[in-house]
Amino acid sequence: HRAPGYPLAVASAPSTATLDSDPYGPAGRSAWLDVDWVEHQRWLKLDDRWVNVIDIGEGPPVVFLHGLSGCWQNWLENLPYFARDHRVIAFDLPGFGESEMPREPISVTGYARTVASVLDALEIDAATIVGNSMGGFVAAELAIRLPGRVHRLCLVSAAGLSMEYIRSERQRGWRQRLENILFFSLAYLAVRTDIVVRRPRLRQLLLSLVTAHPERLPSALLAEQVHNSGKPPGFDAALEAMTRYPIRDRLGEIAAPTLIVWGADDRLVPVGDATEFEWLIPEARKLLYPDTGHMVMLERPGRFNADLRAFLDETFAPPLARAWAHLPQ
């Protein structure tokens, strides 16, 4: 019997992916299949609402934030890897996955406060924050509003910069287009069957907007991305909140060292935003993954895990552009 919000499969060994081979998708059997996720579940009651939290491992804390229409399972290929020597936190943002809708209207600042509240409840002063898409937007907001809570920041195909154009008069159609892309690319959330996920043609059609090669990703992994059927209750409010909250002019306030990771073939968030983030955040470095879409952490888990670990270990060199800034004029 499957517990709500937890992977169906159990069994297998850690991934053997390496930077040299840089495979698309998991290499070999995935470590997450061996984890008893129920054992690491924690239900936190924040502002009288339940939030579904995964808390696994010991060591310096790392928090993973999912994107719009996402859930904590977006990080399945990454959590066991970092839980070897870190305390890893992933949770469903209010209105997504198994977490209840928040008491107050959904907002980017409200989600940032939720992250801070989760840290408080888990007695964590500061952590590395890793966010994909909407989760990257929230992570950046947290780093601006509460810099003392963010030790290091990793933005993975982060939303935020292009959102400001969606509300402009001449691009009113962008909001509907973005909603359609996100909703229909995950439309088979409403079809609670592994048969759908296993059909190559349907899988290709439905996931080609969020991944470069959905046919190369394991069915078990894809099934876990879509097990929460239906359009999430927080979807509309979260999308609206992002489109009406400009962040560009405040990115220069981020003091945390920042890693920016992007798929060169991202169809949801323009790859040019990666360059903008890199220039607007003072201590940032950008990495582009070729032949990769919006879900970098699932599409290239071996490379992403290695790059993020190097960032956590502070083995990345400072960006060359920033080094030039320190040369005598």
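Q: Threonine 258: buried or exposed?
A: Threonine 258 counts as buried, because its relative accessibility is 2%. Buried means under 20% relative accessible area, exposed means over 50%, and partly exposed lies in between, with a 1.4 Å probe and protein chains only.

Q: What sort of model is this, and how are residues numbered?
A: This is a predicted model, with residues numbered from 1 along each chain as its sequence is written. Local features need pLDDT of at least 70 and side-chain atom pairs count only at pLDDT 80 or more, while totals for chains, interfaces and linings use all residues; side-chain values use heavy atoms, with hydrogens and water left out.

Q: What is the average pLDDT?
A: The average pLDDT, the predictor's confidence in each residue from 0 to 100, is 82. A score of at least 70 is reached by 74% of the residues. Residues 1-6 have pLDDT below 50, and that stretch has 20 contacts in the model beyond near neighbours in sequence. The pLDDT is also below 50 over residues 8-20, where the corresponding number of contacts is 33. Contact means heavy atoms within 4.5 Å.

Q: Back to threonine 258: which element holds it, and what does it touch?
A: Threonine 258 is placed in strand β7 (residues 258-263). Helices (H or I, at least four residues) and strands (E, at least two) are DSSP runs numbered from the N terminus. Apart from neighbours within four places in sequence, threonine 258 contacts Leu153, Leu155, Ile281, Glu283, Ala284, Arg285 and Phe311.

Q: Phe311 also has a charge over its face; which residue supplies it?
A: Arginine 152 lies over the face of phenylalanine 311, 4.3 Å from the ring centre. The criterion is NZ of Lys or CZ of Arg within 6 Å of the ring centre and within 35 degrees of the ring normal. Arginine 303 is likewise placed over the face of tyrosine 289, at 4.0 Å from the ring centre.

Q: How many residues of α12 are buried?
A: In α12, 10 of the 12 residues are buried, so this helix is largely enclosed by the rest of the structure. Among the buried residues are Arg303, Phe304, Leu308 and Phe311. Helix α12 (residues 301-312) reaches 16 Å from its first C-alpha to its last, close to the expected 16 Å at 1.5 Å a residue. The expected span is 1.5 Å times one less than the number of residues. Just after α12, glutamate 314 has a positive phi of about 60 degrees.

Q: New topic: the core. Which residues touch the most other members?
A: In the largest nonpolar core, of 93 residues, these are Phe64, Phe91, Ile129 and Phe304. Helix α3 (residues 134-145) contributes the most, with 8 residues. A nonpolar core is a set of buried Ala, Val, Leu, Ile, Met, Phe, Trp, Tyr and Cys residues joined through side-chain atoms within 4.5 Å.

Q: What surrounds Phe64?
A: Beyond neighbours within four places in sequence, the contacts of phenylalanine 64 include Trp75, Phe82, Phe91, Val130 and Leu308.

Q: How many aromatic pairs are there, and which residues form a cluster?
A: The count is 7 aromatic pairs, and ring pairs link Phe64, Trp75, Tyr81, Phe82 and Phe304 into a cluster. Rings of Phe, Tyr and Trp (its six-membered ring) pair if their centres lie within 6.5 Å; planes under 30 degrees apart are stacked, over 60 edge-to-face, and the rest tilted.

Q: Why is the pair of phenylalanine 64 and tryptophan 75 classed as it is?
A: The ring centres of phenylalanine 64 and tryptophan 75 are 5.0 Å apart and the planes are at 50 degrees, so the pair is tilted. Phenylalanine 64 is in strand β3 (residues 61-65) and tryptophan 75 in the loop between β3 and α1 (79-82), so the pair ties together parts 11 residues apart in sequence. Both phenylalanine 64 and tryptophan 75 are buried.

Q: And what about phenylalanine 82?
A: The rings of phenylalanine 64 and phenylalanine 82 have centres 6.1 Å apart and planes at 45 degrees, so this pair is tilted. Phenylalanine 82 is in helix α1, 18 residues from phenylalanine 64, and the pair links distant parts of the chain.

Q: Where is asparagine 132, and what does it touch?
A: Asparagine 132 is in strand β5 and counts as buried, because its relative accessibility is 1%. Its contacts, not counting residues up to four places away in sequence, include His66, Trp75, Ser157, His294 and Met297.

Q: Lastly, how many helices and strands are there?
A: The protein has 13 helices and 8 strands. Of its 329 residues, 56% are buried.
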